[in-house]
Structure formats: structure tokens, C-alpha cells
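Have the viewer open as you read.

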Amino acid sequence: MLKSAIFGRKKTSAAATTAFGDFYNNWLSTLTTTLLPQLRRSLSSTSVSPSLLSIQVDGMHHHFQSYYAALDQAAAADAAHCLYPDWRNSLERPFLWLGDFHPYLFTNLLRSFLDDQDSSEEEDNDDYNCSAAAVKAALEKPWHVAVAWRSPSKDLTSKVDQIECGLRLMVPALSARLRHAQAKFVKRVGSEWGINSGAKAAVEEAMAAEMDELVGVVVDANRLRRSVLADVLTATSVYQAAVYLEAVAGFFAGFRDEKLLREFNDCEKNIN
């Protein structure tokens, strides 16, 4: 049937994307039930060694890298499905860009630590006063963790600026590539549909010919996300990297919070 040609070029591609949905759920479960709790315990411990923390940072970084490598493989099987993933819930989808969370997420979280530090310095300079809550929060953390983002170096802020500059160049370029690829895809498939009166073989051939660019766009978007993560971890100390990855992992995990998702879906129903 022509319907199967358009919405699922091959049975293997449908099976591959279904398998990736299962992979993502397992991947996220490992992140939320094992890696993130381990990292948080280490960050709250007064006796954790930098070497152990470094191992956990490397482990979580590898976990993210394995996810994007698997997403590349899923895109090769069915790029269209990865661009509109059904394994993502309604709370996650507004934050997606080319198959996964927007890379601005990574830099915005990083920038939040720098901006928070700027605010803290302004408060400290205001008659040298700080809130009791801020003092309590600082005392509850190990010293190296509490001061991890205190007075970040000029090299770090410069590196963050470079990463953000690179994103401002790459994100629009990849978005333009996607628009061009989609336009070319629709034109080619529409032309073959008209010329061959919807013949399945001709339409499938046209789809296959234009699908490679869609795969390339998704893969390059993943490469950009991987690059941003690697650049951030290269530029930061082990304590900064650990705090940062805790925030990134918490962001991924937070969207699967059942109470939050239920409240969001109820909000949508009330609007409708």
C-alpha cells in the first residue's frame, strides 16, 4: 500500500525506531535511578575524592555520548521519525530541535551558573550582606562544591562565549538545511507522485533519494550537541563539571516527572 511507503518506508525502519524508543526509556532509567543519584551523593559528601568524582563525570558524559550515537543510528533507519519522535511526551516536545533537546539548553544551563555568580557578587557587595537561606545552602554543601562556580576564570567565561558564538552560527545553518531538505523532499516526491500517478516504487525511490540529507541534518545536530557537552567539560574543573552535569541530567529526568506531566496535560485540557 502507498500509505506504508510514505509513513514507514520499510518494516525494518519502524522496528528500529520502536527499538530506539525502548532504548531511550532504558537509557533514561539508568540516568535517573543510577548515575544521577550517584553523582548527587558524591556532591553532598564531605569526603569524596576528586578522582572518584572525575570517574562519575566521565561515566555520565559517556552515557550522554552513547545516547547521541544511538540516535544517529535511529536517524539512519528513519530520519523522519527521529525529527518527530513519538517516544517524547507532551512536556518535552516544545523543547525539541532536530530530534532532541535544543543545544541552547546546554549553554543556557551553563550561563545560569555564571549569571547566578554575578548576582551573588552583587549581593555580597551590597553592604556585605547575604540571606540566611544562602548561608544555610552553602554550609550544607562540601566546600569545593559550594565554591565550584565562585569567581569563574576569564578563560572559562571566554570559552563559554566561544561556545555560544559557535551555536549562533550553527543552529540557523542547520535549521536552514532542514527547511531546504524538506522543500526538496516534498517537491521530488510530489513530482513523482504526479508523473507516475502515485506508483509506489517511484515514490519510494524519490523518498530514498532525498532522505539522506534529512539523515545528515539530524546527525550533524547530534554532533553539535555532543561537541557542546565535550567543550563545556573540557573548559570546567571536575567540581564545576559535576555540578553542571547534575543540572543537565536533572533537566532530562525532570520532564518524566509524573506529577508535573499530569499538571501540564490538565492545563492543556483546560485551555481547550
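In which hand does helix 3 pass helix 10 in their crossing? Helix 3 passes helix 10 in a left-handed crossing; the term applies when the near helix is turned anticlockwise from the far one by less than a right angle, and right-handed is used if clockwise.

Before going further, please note that this is a predicted model, in which local features need pLDDT of at least 70, side-chain atom pairs count only at pLDDT 80 or more, and totals for chains, interfaces and linings use all residues. Residues are numbered from 1 along each chain as its sequence is written, and side-chain values use heavy atoms, with hydrogens and water left out.

**The chain overall**

The chain has 11 helices and two strands, where helices (H or I, at least four residues) and strands (E, at least two) are DSSP runs numbered from the N terminus. Along the sequence, the pattern reads α-α-α-α-β-β-α-α-α-α-α-α-α. Of the 272 residues, 40% count as buried; buried means under 20% relative accessible area, exposed over 50%, and partly exposed in between, with a 1.4 Å probe and protein chains only. The accessible surface comes to about 14,900 Å², and 56% of it belongs to carbon and sulfur atoms; such areas come from the Shrake-Rupley method with a 1.4 Å probe, and for residues only the protein chains shown count as cover. Among contacts with a separation of 6 or more, 83% are between residues 24 or more positions apart, a contact being heavy atoms within 4.5 Å.

**Helix 3 and helix 10**

Two packed helices are described by the angle between their axes and the distance between the axes. The axes of helix 3 and helix 10 (residues 238–254) come within 10 Å and cross at roughly 40 degrees. Helix 3 is therefore oblique to helix 10, since angles under 35 degrees count as roughly parallel, over 145 as roughly antiparallel, 65 to 115 as roughly perpendicular and the rest as oblique. The axes are lines fitted to C-alpha atoms, for helices over the stretch in contact, and angles run from 0 to 180 degrees between N-to-C directions. On the helix 3 side the contact includes V57, M60 and F64, and on the helix 10 side it includes A241, L245 and F252.

A241 sits in helix 10 and touches V57, L233 and T236, leaving aside neighbours within four places in sequence. Although A241 and D58 are 183 residues apart in sequence, their C-alpha atoms are 9.6 Å apart in space.

**Buried residues**

| Residue | Relative accessible area |
|---|---|
| D72 | 15% |
| T107 | 3% |
| A241 | 3% |
| L98 | 7% |

D72 belongs to helix 3 (residues 50–77). The D72 side chain makes a polar contact with the side chain of R226 at 3.1 Å; a polar contact is a pair of N or O atoms within 3.5 Å, and within protein one must be able to donate a hydrogen and the other to accept it, while residues adjacent in sequence count only if both atoms are side-chain atoms. Not counting residues up to four places away in sequence, D72 touches V219, N222 and R226.

T107 is in helix 5 (residues 104–125). Its side chain reaches the backbone oxygen of Y104 at 3.1 Å. Beyond its neighbours within four places in sequence, T107 is in contact with I163, E164, L167 and V228.

**Two loop residues**

L98 lies in the loop between strand 1 (96–97) and strand 2 (100–101), and its phi is near 50 degrees, a positive value in a residue other than glycine. S151, in the loop between helix 7 (143–146) and helix 8 (154–195), has a positive phi of about 50 degrees although S151 is not a glycine.
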